[in-house]
Every structure is written in structure tokens, then in C-alpha cells.
Amino acid sequence: MTQSTKVLALCGSLRAKSSNKGLLRFAQANAPEGMIIEIADLSAIPFYNSDITEVPAAVTQLLAQFAAADAFIFGGPEYNYSISPVLKNALDWASRAPNNALLGGKAAALMGAGGGMGTSRAQYHLRQVCVFIDVHPLNKPEVFANAFAGQFDADGNLTDDKIKDGVKAQLAALAAWSLQLRK
């Protein structure tokens with residue numbers, strides 16, 4: 001019997017027709033056998049503030065999703081050579097759990113669609129964040145897509161076969177990496 005892998009996917013873009021959401025939707029629809037991918041809704045998550053004494057319902061739900069996940073997919077655009085505030089904020093909330101229980105020791109895959117180099121600098125910065133929060137991203141395969149070069153349709157859906165193959169390969173590697181980390 002194959003051990004299942006529960007994956008929480010977080011998108012650093014809130015746009016409905018985001019190419020980054022398109023990457024995550026494609027991943028969800030093409031997850032390998034035994035992998036279940038849930039895409040988190042980050043639209044109602046307020047900015048982390050330690051003065052908030054009553055955790056909002058949307059945050060409580062997100063933290064429960066982090067707790068249930070064996071691994072993560074972080075997908076998002078590149079803003080000013082870095083991670084989008086939406087994605088960083090979700091990680092900031094999760095990182096406040098006692099003993100880093102929601103993040104520590106879990107595997108992650110990074111992917112993104114943007115201009116030029118397709119989020120390579122944001123992904124590098126995200127890797128730096130992962131060091132501190134003790135999340136273990138895959139080194140390879142990497143998924144960088146150009147959101148403006150015809151790899152997505154007008155609704156943000158992935159159409160490029162090379163990128164599709166890269167996402168599928170990354171998902172297979174994530175399943176193996178997550179299983180190895182959980183042993």
C-alpha cells in the first residue's frame with residue numbers, strides 16, 4: 001500500500017485569473033497517485049500582527065490546513081525581486097505556532113510564473129525564508145514559467161507542454177522527498 005501525501009498549496013497571488021493559480025490548479029488536477037493537493041484560500045487572511053488577540057476564522061482554518069499537510073507547494077509571482085506579501089504573510093502566521101509545529105521538517109516544492117526569468121529571484125528568496133522556518137524545499141526539478149510568453153491562456157490556465165511536464169516531474173519528486181523526510 002502506498003502512503004498518501006497531503007499537500008497544501010499556497011498561491012502568492014490573489015487574482016482569480018492568476019497564472020500562478022493556474023500552475024497550482026494544474027498541479028492539483030495532475031497529482032500523482034496517492035497525493036492529495038488542497039489549494040488554500042489566502043484572500044481573507046489579515047496581515048500578521050501580534051496585537052491580534054483573537055485569531056480570525058480564516059487564519060484558524062489556514063493553520064489547520066498547515067497542520068494537516070505533509071508537504072507544501074509554494075507558488076507565486078515575483079514582486080520587486082522577492083516573495084509576494086500574500087505568501088510571506090501566510091508563512092508568518094504559520095511560523096508562530098509553538099515549536100514551529102506547522103512547518104518544521106516538512107517538504108516543499110516551489111514554482112512560479114512571472115516576467116523575464118519567471119520568479120527565479122523570488123524563489124531564491126523563498127528558499128532563504130525556508131531555512132529559518134525549517135521547511136525543506138526540493139532542489140530539483142525547478143519550475144519557472146513566463147506568465148507573458150503564451151504559456152497560459154486568458155484565464156490563467158497552463159497551456160505549455162514543457163511546463164506541464166516540469167510540474168508533473170516536480171510533483172513526483174515532492175512525493176518522494178516528503179516520504180523520505182517523514183521516515
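How close do the axes of helix H2 and H3 come, and at what angle do they cross? Point 2 takes this up, after a note on the basis of the model.

1. Basis. This is a predicted model, in which local features need pLDDT of at least 70, side-chain atom pairs count only at pLDDT 80 or more, and totals for chains, interfaces and linings use all residues. Residues are numbered from 1 along each chain as its sequence is written, and side-chain values use heavy atoms, with hydrogens and water left out. Helices (H or I, at least four residues) and strands (E, at least two) are DSSP runs, numbered from the N terminus.

2. H2 and H3. The axes of helix H2 (residues 57-68) and H3 come within 10 Å and cross at roughly 75°. Axes here are lines fitted to C-alpha atoms, for helices over the stretch in contact, and angles run from 0 to 180 degrees between N-to-C directions. The two helices are therefore roughly perpendicular to each other; angles under 35 degrees count as roughly parallel, over 145 as roughly antiparallel, 65 to 115 as roughly perpendicular and the rest as oblique. On the H2 side the contact (heavy atoms within 4.5 Å) involves Val-59, Leu-62, Leu-63 and Phe-66, which meet Ala-90, Leu-91, Trp-93 and Ala-94 of H3. By class, this contact has eight nonpolar, no polar and no charged residues. Ala, Val, Leu, Ile, Met, Phe, Trp, Tyr, Cys and Pro count as nonpolar, Asp, Glu, Lys and Arg as charged, and the others, Gly among them, as polar.

3. H3 and H4. Helix H3 (residues 85-94) and helix H4 (residues 120-133) have axes that come within 12 Å and cross at roughly 5°. That makes H3 roughly parallel to H4. Leu-87, Lys-88 and Leu-91 of H3 make the contact with Leu-126, Val-129 and Ile-133 of H4. These residues divide into five nonpolar, no polar and one charged. Leu-91 is listed in the contact with H4 and also in the contact with H2.

4. Strand E1. Six of the seven residues of E1 (residues 5-11) are buried, so the strand is largely enclosed by the rest of the structure. Buried means under 20% relative accessible area, exposed over 50%, and partly exposed in between (1.4 Å probe, protein chains only). E1 runs parallel to strand E2 (residues 35-39), to which five bridges join it; two strands pair if DSSP finds at least two bridges between them. Lys-6 stands opposite Ile-36 in E2. E1 also pairs with strand E3 (residues 71-75) in the parallel sense, over five bridges, and there Leu-10 has Phe-74 as its bridge partner.

5. Crossover. E1, helix H1 (residues 19-29) and E2 make a right-handed β-α-β unit. Right-handed means that, with the strands pointing away from the viewer, the path from the first strand over the helix to the second runs clockwise.

6. Backbone points to check. The peptide bond from Lys-140 to Pro-141 is cis, with omega near 0°, and Pro-141 is in the loop between strand E7 (136-137) and strand E8 (143-146). Tyr-81, a residue other than glycine, has a positive phi near 70°. Tyr-81 lies in the loop between strand E4 (78-79) and strand E5 (82-83) and counts as exposed at 55% relative accessibility. Phi of Asp-134 is also positive, near 60°; Asp-134 is in the loop between H4 and E7 and is partly exposed at 33%.

7. Asp-155. This residue lies in the loop between E8 and helix H5 (161-182). Asp-155 touches Lys-17 and Arg-25, not counting residues up to four places away in sequence.
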